[in-house]
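Visitor: Please put the sequence and the model up, and then I will ask about them part by part.

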Amino acid sequence: MNLKTWITVFIAVAQSATVTVTSTGDFRIGGIVTTAPAGTTAAAAVATTTTYAGGVYEVDIASEDGHDDHDHDEHDGHDHGSASTTATGQTTAVTDCHFHEETQYCVNGDKAEGYIVPAPTETSNAPEEYTGCHSHGAETYCLREDGDEVQFVSLGAEASSDEQEDAAEFGGAVGVTCHFHAGVEHCVDANGNTVNRSGASACSAPDYDYNIPLRIGCLFAILATSAIGVYLPILTNKFLNFSLTGVIFTGFRQFGTGVIIATAFVHLITHAEMMWSNECMAPLDYEATGTSITMAGIFLCFAIEYFIKRIALARLKKADAKNAQEEIEVTDENPKENELSDSSSSLERGGTVAVPPLSRKISVIMLEAGIIFHSILLGVTLVVAGNSFFITLFIVIIFHQMFEGFALGTKIAELNMVSLWYKLLMALAFALITPIGMAIGIGVLSRFNGNSSSTLIALGTLDSFSAGILIWTGLVEMWAGDWIYGALVNANWLNTTVGFLSLIAGMILMSVLGKWA
């Protein structure tokens, strides 16, 4: 049955009593029980009154279809069964409703303030009171004018301890959740509005009780994980002698390519935009500051690689001219020397210019530079995260360092004419940089303010610039270099399939981690 019951209690004297209405249609005022006659209508019941202890309480019962039971089973999907609804004093209605930002607050009969969930979206036309209040267990619900239920959460005795703590800490805001992204805490209330801790400016440094021993222990865990990720491809290629064009190394390489590209777009650009758009950032006269810095990073990579390649090719041409001059005097007594000279002079084959080893080395160095800029910031932001989010962020960064180290290690392993010790030193720089960032963060915990304008500018600049470096390296050197101009343009179906799936896997896994770091 589709039934609705409105109960309004008007207190005629300054005395409090308990009014109980059950699902059978009985209502009790104090110790007196009155049963609503079967088939009672609103017109017949409007004048029904009961006097108790000198107080006059007027109870209006509206019954649809002539039924005398008060079944709420179909109301807004709540299953209330035959549970009784109890109200004290004026708690059959909440009044004096008003707004603090987007949250609507009202006052119940005990003069206790609470908030309405969900809050009205149109604040200008929001009701100033809600009637028909009733309880479902420990929760209080009231009715809007259209008959829909809203919850009234008291900030007094009916509120949970967590709700009271949140209300006190965040100036009355309710349902507050906080998370850290790029080292900056962001808190929102139940309506999705940004809130700040009470007594603190939105741009002030948060006052946290950091667990220093935990952070020091995690520093060594990050060091070990980064080392495993970056050294694994180098040592595997050295001692197991995998072919650089074989299916295993192709999978390693393309997974690393996907990781680098996702790091640039999902992590760095996103973090940079959060910095540049932060409300604590000083107003920018040029809105495209972040993307311009990213473009500058791309151009710098291009310029460095272009001029280094031009210099290297010019030297090779001089060497070819010298070799050609010497060939006149060379006899057939040294055929191997002639073959070596011929191979080194072939700078152009099929319309493409051979890439000098120096250019490949510079390309990998620039890739590592972009990763290092990003990793040192990652270490700092991990340490300054609040204790409630630190473990989650730590687990995410463990995987982040493993994947990113794997990508860099694959590129280092491919370098020719470079000693193993040089490769190991390049890998060591990556393994150490995030722990160094964590050590810096531990040192400045008491003074670090991720919301200060100067900090936001520094972090935004480094993230934007690092993004430009990784975009150039990931898209041009790695992705296009392998699939458009490299071996995969004409590879067999097995290498192509493994490379393609590995590329997608690297992108997806690193993008998923972007939810937390």
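Visitor: How far apart are the sulfur atoms of Cys133 and Cys142?
Guide: Cys133 and Cys142 form a disulfide, the term for a pair of cysteine sulfur atoms within 2.5 Å. The distance between their sulfur atoms is 2.0 Å.

Visitor: What pLDDT do local features need?
Guide: Residues are numbered from 1 along each chain as its sequence is written, and side-chain values use heavy atoms, with hydrogens and water left out. This is a predicted model: totals for chains, interfaces and linings use all residues, side-chain atom pairs count only at pLDDT 80 or more, and local features need pLDDT of at least 70.

Visitor: Is the link of Cys133 and Cys142 right-handed or left-handed?
Guide: The torsion about the S-S bond is 105 degrees. With that value, the link of Cys133 and Cys142 is right-handed.

Visitor: Is Cys142 buried or exposed?
Guide: Buried means under 20% relative accessible area, exposed over 50%, and partly exposed in between (1.4 Å probe, protein chains only). Cys133, at 5%, is buried. Cys142 has a relative accessible area of 0%, so the residue is buried.

Visitor: Which residue forms a disulfide with Cys97?
Guide: Under the sulfur rule, the count comes to two disulfides. One of them has a torsion of about 115 degrees about the S-S bond of Cys97 and Cys106, so this disulfide is right-handed. Both residues are buried. The sulfur atoms are 2.0 Å apart, and the partner of Cys97 is Cys106.

Visitor: Which residue of β9 is the bridge partner of Cys106?
Guide: Helices (H or I, at least four residues) and strands (E, at least two) are DSSP runs, numbered from the N terminus, and two strands pair if DSSP finds at least two bridges between them. Strand β8 (residues 103–107) and strand β9 (residues 113–117) pair in the antiparallel sense over three bridges. In β9, the bridge partner of Cys106 is Gly114.

Visitor: Which residue in the turn between β8 and β9 has a positive phi?
Guide: β8 and β9 form a hairpin with five residues between them. A phi of about 65 degrees is found in the turn at Lys111.

Visitor: In what order do the six strands close into a barrel?
Guide: Strand β7 (residues 93–100) and strand β10 (residues 130–136) pair in the antiparallel sense over two bridges, with Ala93 opposite Thr131. The pairing in the barrel is antiparallel, and the order is β7-β8-β9-β12-β11-β10.

Visitor: How far apart in space are Met402 and Ala227, C-alpha to C-alpha?
Guide: Met402 lies in helix α8 (residues 387–413) and is partly exposed, with a relative accessible area of 29%. Leaving aside neighbours within four places in sequence, Met402 is in contact (heavy atoms within 4.5 Å) with Thr225, Ile228 and Gly229. Met402 and Ala227 are 175 residues apart in sequence, while their C-alpha distance is 8.2 Å.

Visitor: Is the pair of Phe299 and Phe302 stacked, edge-to-face or tilted?
Guide: Rings of Phe, Tyr and Trp (its six-membered ring) pair if their centres lie within 6.5 Å; planes under 30 degrees apart count as stacked, over 60 as edge-to-face and the rest as tilted. A search of the whole structure finds 12 aromatic pairs. The rings of Phe299 and Phe302 have centres 5.9 Å apart and planes at 55 degrees, so the pair is tilted.

Visitor: In which helix do Phe299 and Phe302 both lie?
Guide: Phe299 is exposed at 55%, and Phe302 is partly exposed at 35%. The two are three residues apart, about one turn of the helix. Both lie in helix α5.

Visitor: How many residues does the protein chain have?
Guide: The secondary structure of the protein chain comes to 11 helices and 16 strands. Buried residues make up 44% of the chain, and the total is 517 residues.
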